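Thanks for coming. I have one structure to go through today, and I will keep it short. Please have a look at it first.

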Amino acid sequence: MTQTETSSAYGALASPEAITAGLGEVGYISTPDISMAVYLAQNLRKPILIEGPAGVGKTDLARSLAEWLDVPLDRLQCYEGLDESKALYEWKYGKQLLYTQILKDRLNEVLGEGDLSALTGKLGDFEDLFFSEQFLEPRPLLRAMQQTKGSVLLIDEVDKADEAFEAFLLEVLSDYQVTVPELGTIFAQVPPIVVLTSNAVRELGDALKRRCLHLHIGFPDAARERAIVGARVPGIEASLLKQLVAFVQALREEDLRKQPSIAETVDWARALTLLHVEALGEETVRQTLNVLLKYESDIAALENKVGSLARAAASAP
Amino acid sequence: MSATRTLTDFIRALRSAEVQVSPAEAIDAAGAMRLVGYADRTALKSALRPALAKSEAEAEAFDRLFDLYFARQASAPRPQNSDADRDQTAPPQDMLELAQSGDEAAIQAAMERAGQASGVQDIRFSTQTAYFAQKMLKQLGVEQMEAKLLEALQARTPEGEAEAGEMIAARRDMLMRARAYAEAQFDVFGQGATEAFREDVLTSKPISALDLADLKRMRALVEKVAKRLAVKHSRRRRNRSTGQLDVRATLRANAGLGGVPFRLHWKQKKRDKAKIVVICDVSSSVARYVRFLLLLLHSLGDVIPELRAFAFSSRLGEVTDELDSDQFEGVMERILRQHGMGSTDYGQALWDLKTSYPDIIDRRTSVIILGDGRSNYGDPRMDLFKEICARAKRVIWLSPEPESMWGTGDSVLPRYRTHAHAMGRISTLTDLERTLDRVLALYD
């Protein structure tokens, strides 16, 4: 594979600034750190491992990248018990079976008469036919390797998969190739941009971490959060936007079981615009707090503070 | 200093702060550095971070060291500076001249050179700054100056006196600078190592010998231990198959394929969820150990799905809810106030457990008892203890006393020992970690 091929597919990733601007076009508000990681991933040919709390836009980064670059997004959702046949490839058993049935009826016709060894030889030819690409069902990893114009491969929540699967990923991630025993090794035509995400359910193995660039996305600061909500909820009033972001930012300072993340802020902003709220008031906040906080105990803990928090947010500069 | 040298030194500083950097990652970092260049510090920082720091803790150490290290770099004269060029080729100039020149850049450059030559990057402890400062002064030519100083003093003339005074001032000035430089180097290269050393000492220090200052640090340490245990035991392992075909599952999975068993399913072994009951003697002799055990269990909350904690001196009471609160501050004091009064009575405590919580121990339960087994000559209720041991998955008795003390005076430990699955002494945090590690391993 040549350098020109790759650069044509990902040519837009010319500099961190270009990445920030490009992601902005598709509604993803990036930071210098995020853009730099993407830039390095492309130029050093390394996967990015993104860690951070749920709902801060880890998965969205991959989706936005694919949308902006106009390449397919191959997504592999990890879970306990995920194995090669779900991640890499599977033989189309049903189809194979169907063909066998057809073959069975016409076995005599096809094979004809002859001694046993000649017949076995003929049968052997059919076997190769059964284990060819025609009967191969590509799963996300294999599909990403087969894309001819590049792709974004998203391996989501890799911490949920077993350790054995993690080890299996190493071949894909370091050499951009997969091995199908019956067919041989398949190399990526254009190496995909690989994004792995993790919610830190368990610590990932060192081998995997060392092969990736590490990016931590935390909760955004007020300015970035305003930009994100503004991009996601187009019709929102500027004053309300400012107030609700100030409120959420203050909320994250509180001692909560689950802090509200950007996804919740966006949901809340949507809810407030739907209710035609113009300015944040204590009553409105109280009624819609369940959009932001997902635990009853958190809502109860804030019972007495909602008023002062809302007032502080409403008078935020 | 070349860019590569800068980077390798920086990586060395990172390693000393417990950021594991492999050669492959160093190569990545060099690649990243080549891509973004050296001029823009912010860009360089965000380019090196993903290549070198692979966890949040590492990223924190990275940020701290990057600022320290490259702030120093920025203040050092750049090679393109003509002054610096001259300095690099010139032999070490006269120290007095240097000190009096007032040329900050030249002095800084000389310090850098002297620091390099005296290996100040090997600094590990803050107490070494004086040593390295002396070494640097030697590199700067302090010996020649001292010889001259002696001459000037021996001349016993007013000019000699004045000259000597100047030299003494210059020497003091340079020593201060060298110390400051060595301290800055310690911040970059040594602090992480010192911290690690301190923690090492603390984890193996007997809990009874900890003083108040240590206790604060211990808190952070216990949390570290808890995290380590949590990581180890929350790793889900694929259930081992027992090698028996699960016929029903296999048929169901292959129903769509005409019942031809393409995909086989094996019977899986079920794993027990960890269920731990801790019973703590909170009389004054043991209270200190209880604090650490409870703190550790408190921090381990996420790994142990079912944890019940009890405290007793004479009567036994449940303290699970206390442990569940988000703040550990004050919990121990509350427990002591509620359960710490009265003389220790193990028999009564066992009886209370049986009557108030009859169903608490089943075959999935591991019981950890922390106490010295000194029951004030009361009935140890061996029958009740035997019953617990027969019913539980495992009963582990931890005693703060050394084995030679077991059975002396009113201690009935040897009698309990015949029934418990294991009995051991805890004296350090490491002991606690090891014990819990073993218990949790039962449920992996």
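Let me start at one residue, A:Val195. Leaving out residues up to four places away in sequence, A:Val195 touches A:Ile48, A:Ile50, A:Leu61, A:Ala62, A:Val152 and A:Leu154. Keep in mind that this is a predicted model.

As general background, nonpolar side chains in soluble globular proteins tend to be buried together.

Now chain B as a whole. Chain B has 444 residues, and 34% of them count as buried. Its secondary structure comes to 19 helices and 8 strands. If you take the contacts in chain B with a separation of 6 or more, 72% are between residues 24 or more positions apart.

Last, where the chains meet. How many residues of chain B are in contact with chain A? The count is 28, against 24 residues of chain A. On the chain B side, α2 (23-36), α3 (41-52), α4 (56-75) and α11 (212-234) each supply at least two of the residues that touch chain A. By type, that side of chain B divides into 13 nonpolar, 7 polar and 8 charged residues.

That is what I have.

Note on methods:
Residues are numbered from 1 along each chain as its sequence is written. Chains are lettered from A and ligands numbered from 1 in the order in which they are written. This is a predicted model: local features need pLDDT of at least 70, side-chain atom pairs count only at pLDDT 80 or more; totals for chains, interfaces and linings use all residues. Helices (H or I, at least four residues) and strands (E, at least two) are DSSP runs, numbered from the N terminus. A residue is buried if 20 or more other C-beta atoms lie within 10 Å of its own, exposed if 12 or fewer, and partly exposed in between; C-beta atoms are placed from the backbone. Two residues are in contact if their C-beta atoms, placed from the backbone, lie within 7 Å. Ala, Val, Leu, Ile, Met, Phe, Trp, Tyr, Cys and Pro count as nonpolar, Asp, Glu, Lys and Arg as charged, and the others, Gly among them, as polar.
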